[in-house]
Amino acid sequence: MKLHRIAMMRRVCLAQMAAISLCIGGIAAADILRTDVETLSSTAFAGRSIGTPGSAQAAEYLAGRLEDVRAVPLAGNTYFLPVAINEVVLSGASGSLSADGQPIAELGRDLTVSQGLVGPVEIEAAVTLVRYTATSTSFPEGFDPEDLNGHLVIAQRADPPSTPLGDRAGALLGTLAASRPAAVLTATPDLRDLLDVETGASVRKYRLATAADQALGGRIDAGVIDDIFGAADTVNDSGAIEIRTLESTVRLEISLDEVQSRALDEVNVAGTVPGSETQETRILLTAHYDHLGNIDGTIFPGADDNASGVAVLLGAIQRLAENPAEVAVDVVLFTGEEHGLLGSTAFVEAPPISLSSYSAVINVDAVGRPFADQAEFADSIFASAVECFRAIGNALEVGAHETGLRILRFDDVPALAPLSASCEAQRTGTGGAPADQIPFLTAGVPAVLLTGGLHADYHQPGDTSDKLDYDRLDRLSRLVEIAVRSLAVAR
Ligand SMILES: [Zn+2]
């Protein structure tokens, strides 16, 4: 079907060649982008959720497209890089947190556990309150984070959470997480109001088969914590985090009616275009192809998220294959982004190419519509960390200039300001927009995200291919190509 459609378009483009400067391989570029987006978001692919036939079909389609555009496999003789994912389905969870044999919080009423739950839980542990503010700068005198090993930690913000967390406070909390507590519950104001009590429902969880066991993480109603420890109105302004451990232990118990697990054989799809001068320095282009799939009988097509980014990279790679840059350019299309950056994390854990070869990673996610669908953003694209990675930022500016696009930072728009962070946090992946560039940043590889920002159909069944602007995608595809050439020369 794909080859037939592209063959048809080739004829159309040749007929219009005199008028169209934006043909690649004899086809109007915007038409190729549209075909890729329409195919990936079609009902045949059923929303490309991991572990479904739609995801496998999408991977096959993308391998075919990489071959079409003359990218060669990145590793060995296949475009597929295996990603082993475990799926666990937990049904009928119930449980409570109790002190002195009395329940103080009940799962689904004033307690949730969203992280690390893979089976029944029985924990008897010391409970420690960690109360902090955005401007916390130290631990109390004599406190050793290792003391929290095996504890149930309650983390509570004592100031309004709208203030972004300072770097120092973030680093201190990171130290606590590294001390291997048994569970971390975040005290959340009015959790009781937010909970939709559905403990009997089943929950599906995914993690990499290689992942270490994760500590339990969840939320507890702040009112419960105030009852035990007293309200947080006595925050000292010395900058020290308040840390208090109760004398008696607490018990966290969660039982499940059923636990089902299965192994999913997912793949990242990866190709490369060798450089004209060197294969030593490389540039990596990434986008995730998975989406949310079919939820309760409704398909989430994921046209913008992220068939758009995949199409943009295929366009850029096609031009680079026709006229290679000085350096090698790799493209990896990730699986499992929607369930916790699984494909990108797996790639970074076992890279087929040494990560130190990469001078830049450009991750493209949800770029087919202007921010909030507002016309004033039709020519704008948001880029993360461009002020922190100057070489990449400059190269993107060259591409933007030549394509009539405008690069914005998240803090240029108040609604997206929470996605911005200090350079320290962005460089290390501890802050910034949660997307597939994060595992690279954590591994010390310079990486940026290009995204259109959010719109009303984000993660909705209405994220369909007819709402995308294909001229915008074509310009973005050229922006990425030009940025790659610019980075290749600047190496
Ligand atoms: Zn998404």
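**Close-up 1. Contacts of Pro301 beyond its sequence neighbours.** In this predicted model, local features need pLDDT of at least 70, side-chain atom pairs count only at pLDDT 80 or more, and totals for chains, interfaces and linings use all residues. Residues are numbered from 1 along each chain as its sequence is written. Leaving aside neighbours within four places in sequence, Pro301 contacts Ser41, Gly47, Asp463 and Thr464 (contact: C-beta atoms, placed from the backbone, within 7 Å). Pro301 sits in the loop between strand E17 (298–300) and helix H7 (303–322). Helices (H or I, at least four residues) and strands (E, at least two) are DSSP runs, numbered from the N terminus. Pro301 is buried, with 27 other C-beta atoms within 10 Å (buried: 20 or more). Its C-alpha atom lies 9.9 Å from that of Val37, 264 residues apart along the chain.

**Close-up 2. Helix H2 against helix H12.** H2 (29–40) and H12 (470–489) pack at about 105°, axes 9 Å apart. Axes are lines fitted to C-alpha atoms, for helices over the stretch in contact; angles run from 0 to 180 degrees between N-to-C directions. H2 is therefore roughly perpendicular to H12 (65 to 115 degrees). H2 contributes Ala29, Ala30, Leu33 and Arg34; H12 contributes Tyr470, Asp471, Leu473, Asp474 and Ser477.

**Close-up 3. The open sheet of 8 strands.** The order is E6-E5-E13-E8-E9-E10-E12-E7, with mixed pairing (a pair needs at least two DSSP bridges). E6 (102–106) and E7 (111–115) stand at the edges, each with a single partner strand, so one side of each lacks a neighbour in the sheet. E10 (183–188) and E12 (216–221) pair in the parallel sense over 6 bridges. Thr186 stands opposite Arg219 in E12.

Key: Parallel < 35°, antiparallel > 145°, perpendicular 65-115°, else oblique. Contact = placed C-beta atoms within 7 Å. Buried ≥ 20, exposed ≤ 12 C-beta atoms within 10 Å, placed from the backbone.
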